[in-house]
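The following exercises are to be worked with the sequence and the coordinates at hand. Each task is followed by a solution in steps.

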Amino acid sequence: MTAPRIAACPRCGTSTRLDPQNVWRPFCSERCKLIDLGDWMSGRYALPVAEDPEAAADQDGE
Ligand SMILES: [Zn+2]
């Protein structure tokens, strides 16, 4: 029951303990956590500006 749960850090793959003592879990360190969070936020906030072909086709409606 007390076996530590080990998982690979999602960021760098380092074996990381998932117990409460690891405040950066599931990451191995603050650095990995911040890097991952930064990637996630930039990916979500940077909306794609790809043109929507259906919107363009809408012009000849009516
Ligand atoms: Zn890591």
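How many salt bridges does the structure hold? The model is a predicted one, in which local features need pLDDT of at least 70, side-chain atom pairs count only at pLDDT 80 or more, and totals for chains, interfaces and linings use all residues. Residues are numbered from 1 along each chain as its sequence is written, and side-chain values use heavy atoms, with hydrogens and water left out.

**Exercise 1. Salt bridges**

Task: Count the salt bridges, then assign their partners.

Solution. 
Step 1. The criterion is a side-chain nitrogen of Lys or Arg within 4 Å of a carboxyl oxygen of Asp or Glu. The structure holds 3 such salt bridges.

Step 2. Arg11 and Asp36 form a salt bridge through their side chains, with an N to O distance of 3.8 Å. Arg11 belongs to the loop between β1 and β2 and Asp36 to helix α1, so this pair ties together parts that are 25 residues apart in sequence. Helices (H or I, at least four residues) and strands (E, at least two) are DSSP runs, numbered from the N terminus.

Step 3. The side chains of Asp39 and Arg11 also meet in a salt bridge, at 2.7 Å from N to O. Asp39 lies in helix α1 and Arg11 in the loop between β1 and β2, so parts 28 residues apart in sequence are tied together by the pair.

Step 4. Asp19 and Arg17 meet through their side chains in a salt bridge of 2.6 Å, N to O. Salt bridges that share partners join Arg11, Asp36 and Asp39 into one network.

**Exercise 2. Accessibility of the charged partners**

Task: Decide whether Asp19 is buried or exposed, and classify Arg17, Arg11, Asp36 and Asp39.

Solution. 
Step 1. The classes are buried (under 20% relative accessible area), exposed (over 50%) and partly exposed (in between), with a 1.4 Å probe and protein chains only.

Step 2. Asp19 has a relative accessible area of 14% and is buried, whereas Arg17 is partly exposed at 41%.

Step 3. Arg11 is partly exposed at 35% relative accessibility. Asp36 is partly exposed at 23%, and Asp39 is partly exposed at 40%.

Step 4. Asp19 is placed in the loop between β2 and α1. Asp19 and Pro4 are 15 residues apart in sequence, with their C-alpha atoms 6.7 Å apart in space.

**Exercise 3. The zinc site**

Solution. 
Step 1. Donors are N, O and S atoms within 2.8 Å of the metal (3.2 Å for Na, K and Ca); water is not among the atoms, so sites may look incomplete. The SG atoms of Cys9, Cys12, Cys28 and Cys32 are the protein donors, lying 2.3 Å from the zinc ion.

Step 2. Four donors count as tetrahedral if all angles lie between 85 and 135 degrees. The angles among the 4 donor atoms are 104 to 117 degrees, and the site is tetrahedral.

Step 3. The spacing of the donor residues in sequence is C-x2-C-x15-C-x3-C. Cys12 lies in the loop between β1 (6–8) and β2 (15–17) and Cys28 in the loop between β2 and α1 (30–45), so the pair ties together parts that are 16 residues apart in sequence.

Step 4. Cys12 is partly exposed at 43% relative accessibility, and Cys28 is partly exposed at 29%.

**Exercise 4. The chain and its surface**

Task: What pattern does the chain follow along the sequence, and which residues form a nonpolar patch on the surface?

Solution. 
Step 1. The chain has 2 helices and 2 strands, in the pattern β-β-α-α.

Step 2. Of the 62 residues in the chain, 10% are buried.

Step 3. Patches are made of residues with over 30% relative accessible area and no salt bridge: like charges are joined within 9 Å, nonpolar side chains (Val, Leu, Ile, Met, Phe, Trp, Tyr) within 5 Å. Leu34, Leu37, Trp40 and Met41 form a nonpolar patch with about 400 Å² of accessible area together.

Step 4. Met41 is in helix α1 and is partly exposed, with a relative accessible area of 35%.

**Exercise 5. A peptide bond**

Task: Where is Pro26 placed, and what peptide bond joins Arg25 and Pro26?

Solution. 
Step 1. Pro26 is in the loop between β2 and α1.

Step 2. The bond that joins Arg25 and Pro26 is cis, with omega about 0 degrees. In general, most peptide bonds are trans.

Methods: Tetrahedral: all angles 85-135°; square planar, octahedral: opposite > 155°, others 65-115°. Areas by Shrake-Rupley, 256 points an atom, 1.4 Å probe, with all protein chains shown as cover.
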